[in-house]
Structures are given as structure tokens and as C-alpha cells.
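Me: I would like to learn how to read salt bridges in a model like this one. Please give the general idea each time, then the case at hand.

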Amino acid sequence: MAGPLSRLPYPYRNEHAVVTGLLAGLGGYIDWTSVASQAKPWVQGVREHPAPFWVLESLLKEYPISSAEGLALMRLSEALLRVPDAETAMLLTADQLRGADFKDGSQSVLASLSSAAIALSNTLLPDAEHPGMLQRLGAQTVVAAAVRGIQLLGRQFVLGRDMSEALAHADAQRGRFPPPLFSFDMLGEGARTEQDARCYFASYRSAIAAIAAHGTHGVLDENDGISIKLSALFSRYEAAHHGRVMAELLPSVVVLADAAAAANINLTMDAEESDRLELSLDVLEAVARHAAQEHPHWRGLGLAVQAYQTRALDVVEEVARLARKHAPGEGRLLGRRSQTRPGTWAGELSRLYA
């Protein structure tokens, strides 16, 4: 269901037909042989000189997010960062890994070691029939190692339990040149009640203030930014409640946009479910109209674009249209690819380009 104005094509079109049409539209504009020739050394360079988070890449290749094992690892990696004691961490690990099979591993040394450690911990973890196994030193040692490994996996996504911790971890990674910029997300967003929405709103305002106080530069593209989830700011963020969204949610987003503009940082509206995309574009246009009037020199308003959707190009074109309409010549609106996961404050090691 869309809002009053339908901006985009139907989201559930036949993917093969859409992709075939897009490829045909490229015609002879792309020399695929040249593309492959240019991309090959890049791929080889990444494989020969892996980034610091190569452990994550190996584990995700071994256990894709689409598998039960991958989902279990992702849930654990983020949840364990907030578990205060070892025994609770082990019990949580037992609950999450019990139904997953980690015995089938690839040939890589890392993956083999990871599979062996996790599979062994799975067999030694306590359950209802053998609760006393938690007291066995061998089980505790193996499980503790697996828990620590999963916690390290979580560090690839979750920079800290609060903004001060996240900013400190971000600073520790700025030794490279050019230094990475971060777009901070408060993961696990989703307001079930208006009290939840008020809490998320306060958290977002506090985060923007923390980023600004931590140090911002005159150039927007040299500053960290923030990503907000519209469904976290209103418990009825649905197309069926379009009128309430514009009357009750929009003022909160405008306040956050004002704060981001004053701090000269990027504010990105994060991705929602496909059925809410038209609604997000309506909110985006309203905020863009306000920003153009109140902050004519700020160009940090953004929207997360899900590149895997069949409507991705249509979304980009619509965002570009809004930018031309409400901020001609400014290039105000940004687009970026994003993915949300349950957890706490996180940062993306990526720059936002106008």
C-alpha cells in the first residue's frame, strides 16, 4: 500500500524480467571485458592483502546469514556484548547454538578452527538433561573460547554499548589515511509504544549532541554522521497511518534534522520494509522542504537505498528529483546502501558521498 502519491513501481515484480530489462537498457554503453580487466587486480589485491576484519568475511562465507548457523552467530555476536557475566553468556550460547550444525566446514584453516571450536562447544554446552556439564573445567574452557570468538565477531558490527564507547573505538581506527568516517546506528530500533518512540528520539538527540561535541569540521564530508530509523520514532509507522505519520512523526524528524544541520553532520533515514518505502519518501520530501528553507547550506540529509531491490534505480531517480526540486544545485540528498541488525550503537566504516 502506498501513500497519497505513488512514486515507485510495484515492489513485487518478476525479478528476472526486471533485471533482463535493465541489462537490455544498458545496450553497448558498458564494455564488460574492460570492466573485468579493471576489476581483476582490485579483487586480487583484496585477497592478497585482506582488511583487518577478514575474520568476519571468512566466517560469513562459512556460515551465510541465510543459514541457521549464520543467524545464530549473528544473534550471539551482538547479544553477547551486553551480557554481564560468563555463566549467562554460556547459557545464552547454549540456547542459540543448540539447533545449529557447525560440523561441516570449508577447507580454510580459520574456518576449520572456527567450526571445530564452535561445534565442540555446542556439544559441551549445558542443557536441560545435563545441567552439571557447565561445571566441568573442560567444557568451560572450550565454551569460553567460543564465546570470546563470537564476541570478537560482534565487534565487527557493534562499536560500543553507548556513544562514548563507540566514539572511542571509532577514534582508535582512524590511523589510516584517509581516515574512515562513521555513520552511527542505534541497532535494534523499532517502537512498539509511544514511550519507546520517545526513548529512541531522546537517544538520537543525545547521539547527535555527542558526535558534535566530540569534534566536527567545517566540511560536512569530514564529519561522522548518524542514521535514524523512522519506525523507531513512531509506533504506527505504516502506510495505512499516513496522516498520523505526517502529523506526529514528521515533527520529531524535523527536530533531529535541525540538530544535525546545526552540527553540520550527515543524517540518514535508514531502510525500512519494502511496503514502507513510499512512506519514507513522503517523509524525506517533507524534511527536505523544511531543510531547504531553514538550512540552505546544509547538504547532509540522506536516505538509505537498498541496492538489491528491483526498484533501486527508481528510488535513486526519485531522490535525485527531490534534490533538484527542493535544493537545486546543492546536491543536498545522499544515498547509501545499508543493512540493519539488532544490537546497540554501531558504526559503518564508510564515507558518505554527495
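Me: Which residue forms a salt bridge with D221?

Reply: Side chains of opposite charge can pair when their charged atoms come close. A salt bridge here is a side-chain nitrogen of Lys or Arg within 4 Å of a carboxyl oxygen of Asp or Glu. D221 pairs with R299, and their closest N and O atoms are 3.0 Å apart. This is a predicted model, in which local features need pLDDT of at least 70 and side-chain atom pairs count only at pLDDT 80 or more, while totals for chains, interfaces and linings use all residues. Residues are numbered from 1 along each chain as its sequence is written, and side-chain values use heavy atoms, with hydrogens and water left out.

Me: Where do D221 and R299 lie?

Reply: Helices (H or I, at least four residues) and strands (E, at least two) are DSSP runs, numbered from the N terminus. D221 is in the loop between helix 9 (194-214) and strand 2 (225-228), and R299 is in the loop between helix 11 and strand 4 (301-304). The two are 78 residues apart, so the pair links distant parts of the chain.

Me: Is D221 buried or partly exposed?

Reply: Buried means under 20% relative accessible area, exposed over 50%, and partly exposed in between (1.4 Å probe, protein chains only). D221 is partly exposed at 24%, and R299 is partly exposed at 23%.

Me: Which residue does R13 meet in a salt bridge?

Reply: R13 meets D314, with 3.9 Å from N to O. R13 lies in the segment before helix 1 and D314 in helix 12 (residues 312-326), so this pair ties together parts 301 residues apart in sequence. R13 has a relative accessible area of 30% and D314 one of 26%; R13 is partly exposed, and D314 is partly exposed.

Me: What does D282 pair with?

Reply: D282 forms a salt bridge with R7, at 2.9 Å between the closest N and O atoms. D282 is in helix 11 and R7 in the segment before helix 1 (15-26), 275 residues apart. D282 is buried at 9% relative accessible area, and R7 counts as buried at 15%.

Me: How many salt bridges does the structure hold?

Reply: The structure holds 10 salt bridges. Those that share partners join R7, D282, E285, E318, R321 and K325 into one network.
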